[in-house]
Amino acid sequence: MSSLSLPIETERLILRTFERGDLESLNAYLSLPTAQRYAVSKARDKNEVARALEVMRSHVSLQRPGDTLTLAMVRKGDKQLIGHVSLHWSDATAGQGEVRFVINPSYSGQGFACEALGALFDLAFEHFRIHRVFARCDGRNHHSIKLMQSMGMRLEAHYREHALFQGEWDEELHFAMLDREWNRPSKVRELPQRHRVA
């Protein structure tokens, strides 16, 4: 596997590792109740967000199972940090990876998360050679459900009231996609075969 080259540019985004100076922008969305509703780990105030930022700053590569790569989603035009995506290498033998994502609600519904996840899937399948990518979400998180379906992920499981999460019974959905199911972006085209001339 070749070394990972960052940042990654998409049509409207720059995906890069987190920096110390990202605290204010990260706090602007990570501490919101709407972001916290489905968050696994809490970052309710600026101190907790600062601790979360330090953890994410260490998520720079996948070298072994258990590692996580977390990339900040930065808009190209104004360099505004609007969310982040993560790829967690969960199992080497079975080639499994988990994707996670959070976006500032002010920028949701504009296709930014889809754009960032597309680049993350390219990394997972093409660069890291992961065989199967999966994502989990709360059954009430309709935006995430719609996003994962639009990415071509299939619903594989629906766990009803399987755990208490933030004081309520959790309805957890599991979506997944295999490497062979990922459609390469339309901008990447196979070159036509040329006939050899003697």
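**Reading salt bridges, sheet and core**

Guide: Glu19 and Arg16 form a salt bridge, their closest N and O atoms being 4.0 Å apart. The model is predicted, and the values in this conversation are computed from it.

Visitor: What is the general idea behind such a pair?

Guide: Side chains of opposite charge can pair when their charged atoms come close. Here the cut-off is 4 Å between a side-chain nitrogen of Lys or Arg and a carboxyl oxygen of Asp or Glu. By this rule the structure has 15 salt bridges.

Visitor: Are Glu19 and Arg16 buried or exposed?

Guide: Glu19 is partly exposed, at 42% relative accessibility. Arg16 is buried, because its relative accessible area is 16% and the limit for buried is under 20%.

Visitor: Which residue does Glu54 meet in a salt bridge?

Guide: Glu54 meets Arg57, with an N to O distance of 3.1 Å. Both residues belong to helix α3, residues 46-57, and being three residues apart they are separated by about one helical turn. Glu54 is partly exposed at 39%, and Arg57 is partly exposed at 26%.

Visitor: How far apart are the closest N and O atoms of Asp78 and Arg75?

Guide: They are 2.3 Å apart in this salt bridge. Asp78 has a relative accessible area of 40% and counts as partly exposed; Arg75, at 22%, is also partly exposed.

Visitor: Which residues are linked in a network of salt bridges?

Guide: Arg132, Arg154, Glu156 and Glu181 are linked in this way.

Visitor: Turning to a loop, where does Lys79 lie?

Guide: Lys79 is in the loop that joins β3 (68-75) to β4 (81-91). Its relative accessibility is 55%, so Lys79 counts as exposed. The side chain of Lys79 reaches the backbone oxygen of Lys76 at 3.0 Å. Beyond residues up to four places away in sequence, Lys79 touches Ile14 and Val74. Ile14 is 65 residues away along the chain, yet its C-alpha atom is 8.3 Å from that of Lys79.

Visitor: Is Asp138 buried or exposed?

Guide: Asp138 is buried, with 6% relative accessibility. This residue lies in strand β6, residues 132-138. A polar atom of the Asp138 side chain is 2.8 Å from the backbone nitrogen of Arg140. Leaving aside neighbours within four places in sequence, Asp138 is in contact with Tyr38, Ile145, Asp170 and Glu171.

Visitor: What holds the strands of a sheet in pairs?

Guide: Strands of a sheet pair through backbone hydrogen bonds, and the pairing can be parallel or antiparallel. In this structure, eight strands form an open sheet of mixed pairing, in the order β1-β2-β3-β4-β5-β6-β10-β7. The edges are β1 (8-9) and β7 (154-159), which have a single partner strand each, so one side of each is left without a neighbour in the sheet.

Visitor: How many bridges join β5 to β6?

Guide: Three bridges join them, and the two strands run parallel. Strand β5 covers residues 96-103. Gly97 stands opposite Val133 in β6.

Visitor: Which strands does helix α4 lie across?

Guide: Helix α4, residues 112-127, lies across β1, β2 (13-16), β3, β4, β5, β6 and β10 (172-178). Its angle to β4 is about 30°.

Visitor: What does a residue of α4, such as Ala116, show?

Guide: Ala116 lies in helix α4 and is buried, at 0% relative accessibility. Apart from neighbours within four places in sequence, Ala116 is in contact with Leu13, Leu15, Met73 and Val85. The C-alpha atoms of Ala116 and Leu13 are 7.4 Å apart, although 103 residues separate the two along the chain.

Visitor: Which residues touch the most other members of the largest nonpolar core?

Guide: A nonpolar core is read as a set of buried nonpolar residues joined through their side chains. The largest core has 38 residues, and those touching the most other members are Met73, Leu87, Val99, Phe121, Val133 and Met153. β2, β3, β4, β5, α4, β6, α5 (142-150) and β10 each supply at least two residues of this core. Helix α4 gives the most, with ten residues. A second, separate core has twelve residues, including Ile14, Leu26, Ala72 and Leu81.

Visitor: What does Met153 touch?

Guide: Not counting residues up to four places away in sequence, the contacts of Met153 are Phe121, Val133, Phe134, Ala135, Met148, Phe175, Ala176 and Met177.

Notes:
Residues are numbered from 1 along each chain as its sequence is written. This is a predicted model: local features need pLDDT of at least 70, side-chain atom pairs count only at pLDDT 80 or more; totals for chains, interfaces and linings use all residues. Side-chain values use heavy atoms; hydrogens and water are left out. Buried means under 20% relative accessible area, exposed over 50%, partly exposed in between (1.4 Å probe, protein chains only). Helices (H or I, at least four residues) and strands (E, at least two) are DSSP runs, numbered from the N terminus. Contact means heavy atoms within 4.5 Å. A polar contact is a pair of N or O atoms within 3.5 Å; within protein, one must be able to donate a hydrogen and the other to accept it, and residues adjacent in sequence count only if both atoms are side-chain atoms. Two strands pair if DSSP finds at least two bridges between them. Axes are lines fitted to C-alpha atoms, for helices over the stretch in contact, and angles run from 0 to 180 degrees between N-to-C directions. A nonpolar core is a set of buried Ala, Val, Leu, Ile, Met, Phe, Trp, Tyr and Cys residues joined through side-chain atoms within 4.5 Å.
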